[in-house]
Amino acid sequence: MATCPPHPTNPPRPHWWQRGWVRYGALTTLLAISGLVILALVREQTGTQGFLVGLGLAVLPVPLLIAAFRWLDRVEPGPWRNLVFCFAWGACAAALIAIIANSFATRWIATATADPAGADTLGATVIAPVVEESAKAAAVLLVFLFRRRDFTGIVDGVVTAGVTATGFAFTENILYLGNAFGTDQLTGDSGFASVTAATFFVRVVMSPFAHPLFTVLTGIGFGIAALSTGRHHLRRALLPLAGLLLAMGMHALWNGSAAFGEYGFLAVYGAFMVPCFGLLTWLVIWTRQRELRTVREELPAYVMAGWLAPAEPHTLASMHARRLARQYARRHAGKQAARAVAQYEAYATSLAFLRQRGRKGRAGPDFAVRERELLDALWHRRDVARPALDHAARATAPPPVAPWPGYGTPGSHAGYGYGYGYAATAYAGYGYAARPGGFAPVAPYGGYGHGHPAPAAPAFTPAWVPASFPAHIRSRPAYPSAHPAPHQPLPRRP
């Protein structure tokens with residue numbers, strides 16, 4: 001007897017606060033109100049002329065600092081909306097919290113101790129570092145909690161914290177430079193002997209990285225916490241707190257340098273600030289090179305499965321080759337093609353990091369879904385990206401090397417010198433070796449080689465990682481599991 005299927009039940013509607021437009025609207029309203037209030041407060045303290053002068057001088061280092069942090073984030077660039085939020089939070093919300101809390105605390109201390117001078121010193125060296133670093137750390141915490149997919153390591157923590165601190169320093173510089181201009185208006189000073197020139201030299205020329213340097217310590221704490229496995233809950237909680245305490249300590253040392261005598265500022269600047277800045281710069285650059293090495297080591301799994309071309313791991317692990325690919329696409333196919341190549345590079349990098357987290361047991365339950373999304377995004381951009389990456393690979397090819405051990409028969413990579421162990425069917429016009437049923441030649445841009453259209457997107461059919469695959473990948477599962485198996489299915493092209 002036929003039975004009717006059960007009546008489908010409607011899924012529960014999300015709570016009104018869980019709707020995206022509500023959250024975005026509330027956050028935008030909060031930042032807008034904070035911006036208007038901080039604008040009124042700064043203008044009240046500096047006057048209209050002082051505000052305009054301070055604004056014009058304070059904006060000068062902002063593009064350089066934003067460009068520097070964006071450069072650090074070039075391996076896996078995060079979305080611009082995160083950076084806009086961080087800058088707005090630092091310039092509006094964090095600055096407003098700092099002005100109100102610092103003023104209230106300093107007045108309370110002055111009233112309680114009847115010592116205004118001591119209250120100012122205590123407020124600058126103790127109250128201000130705690131309040132300001134906590135307010136800036138709130139932005140890093142929000143991105144860490146609600147944009148977890150974009151926050152995967154140390155570089156993301158550095159960029160998030162640095163951009164937040166850049167926004168905070170921008171508003172603070174307006175206030176300091178505007179007050180300095182007002183002082184010069186009263187005393188009649190001008191030129192290099194003015195208070196405005198001295199303030200500009202100290203805050204904009206000598207130490208534009210001061211606030212970013214403090215908050216970056218908090219960002220590093222969050223970044224290391226992001227790299228920790230889910231079972232290390234105590235470590236994930238203590239690392240950001242340790243970074244925040246270090247940021248407060250360095251901030252207090254910087255603010256208290258004036259109390260160390262006539263040359264206290266220069267002593268702290270030379271003995272602490274410059275070495276710390278150099279050490280953190282080295283750490284971030286080393287981390288970026290480590291990320292590129294991750295791309296080079298993780299993507300060959302998808303080459304073997306047929307999703308990527310043989311030379312792509314090498315090309316995507318070189319910033320120079322990436323730039324050449326984007327330039328080639330822009331020159332021969334326009335800006336849209338260059339944007340597609342940049343997106344292809346970013347998605348491939350995210351895929352490599354995702355696989356690394358899966359091998360180390362740090363991937364979330366949505367690992368397979370996220371992997372599929374990234375692979376689909378790569379596949380839809382392959383027709384534009386692969387000719388550009390082919391060009392970049394040929395332009396940056398290293399000298400011939402011996403085939404990798406355990407990869408089978410060396411392939412015929414003319415001009416590359418790689419032995420990947422694929423069959424001898426070469427890519428038309430490029431000299432690549434493709435395995436049977438694997439890569440079809442990608443049609444280059446018109447007039448720049450030979451080739452045929454790429455096949456349809458591959459289906460997700462389970463397949464085993466070949467036994468000849470390198471041991472460091474073959475011994476890890478492709479998907480995270482509570483009980484890792486020596487061979488786990490990998491999405492594979494038919």
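Leaving aside neighbours within four places in sequence, Gly 223 is in contact with Phe 151, Gly 153 and Ile 154, where contact means heavy atoms within 4.5 Å. This is a predicted model, in which local features need pLDDT of at least 70 and side-chain atom pairs count only at pLDDT 80 or more, while totals for chains, interfaces and linings use all residues. Residues are numbered from 1 along each chain as its sequence is written, and side-chain values use heavy atoms, with hydrogens and water left out.

Gly 223 sits in helix α7; helices (H or I, at least four residues) and strands (E, at least two) are DSSP runs, numbered from the N terminus. With a relative accessible area of 0%, Gly 223 is buried, a label for anything under 20% relative accessible area, against over 50% for exposed and in between for partly exposed (1.4 Å probe, protein chains only). The C-alpha atoms of Gly 223 and Thr 152 are separated by 6.9 Å, although the two are 71 residues apart along the chain. Once neighbours within four places are set aside, Thr 215 is in contact with Glu 133, Lys 136, Ala 161 and Ala 165.

Now for the helix pairs. Helix α5 (residues 154–187) packs with helix α7 (residues 210–227) at an angle of about 155°, their axes 7 Å apart. That makes α5 roughly antiparallel to α7. The axes here are lines fitted to C-alpha atoms, for helices over the stretch in contact, and angles run from 0 to 180 degrees between N-to-C directions. Angles under 35 degrees count as roughly parallel, over 145 as roughly antiparallel, 65 to 115 as roughly perpendicular and the rest as oblique. The crossing of α5 and α7 is right-handed; right-handed means the near helix is turned clockwise from the far one by less than a right angle, and left-handed means anticlockwise. On the α5 side, the meeting residues include Gly 157, Ala 161 and Ala 165, and on the α7 side they include Thr 215, Gly 219 and Gly 223. The residues of this contact divide into 11 nonpolar, seven polar and one charged, with Ala, Val, Leu, Ile, Met, Phe, Trp, Tyr, Cys and Pro taken as nonpolar, Asp, Glu, Lys and Arg as charged, and the others, Gly among them, as polar.

α5 also packs with helix α9 (residues 264–298), at about 135° and with the axes 9 Å apart. That makes α5 oblique to α9, and the crossing is left-handed. Here Ile 154, Val 155 and Val 158 of α5 meet Val 284, Thr 287, Arg 288 and Glu 291 of α9. This contact divides into four nonpolar residues, one polar and two charged.

Val 158 turns up again in the largest nonpolar core, which has 58 residues; Val 158 and Met 273 have the most contacts inside it. Such a core is a set of buried Ala, Val, Leu, Ile, Met, Phe, Trp, Tyr and Cys residues joined through side-chain atoms within 4.5 Å. Helix α3 (residues 80–113) gives the most to this core, with 12 residues. Another core, of 36 residues, lies apart from it, with Leu 308, Leu 316, Ala 317 and Tyr 328 among its members.

Overall, the chain has 16 helices and two strands, and 48% of its 494 residues count as buried.
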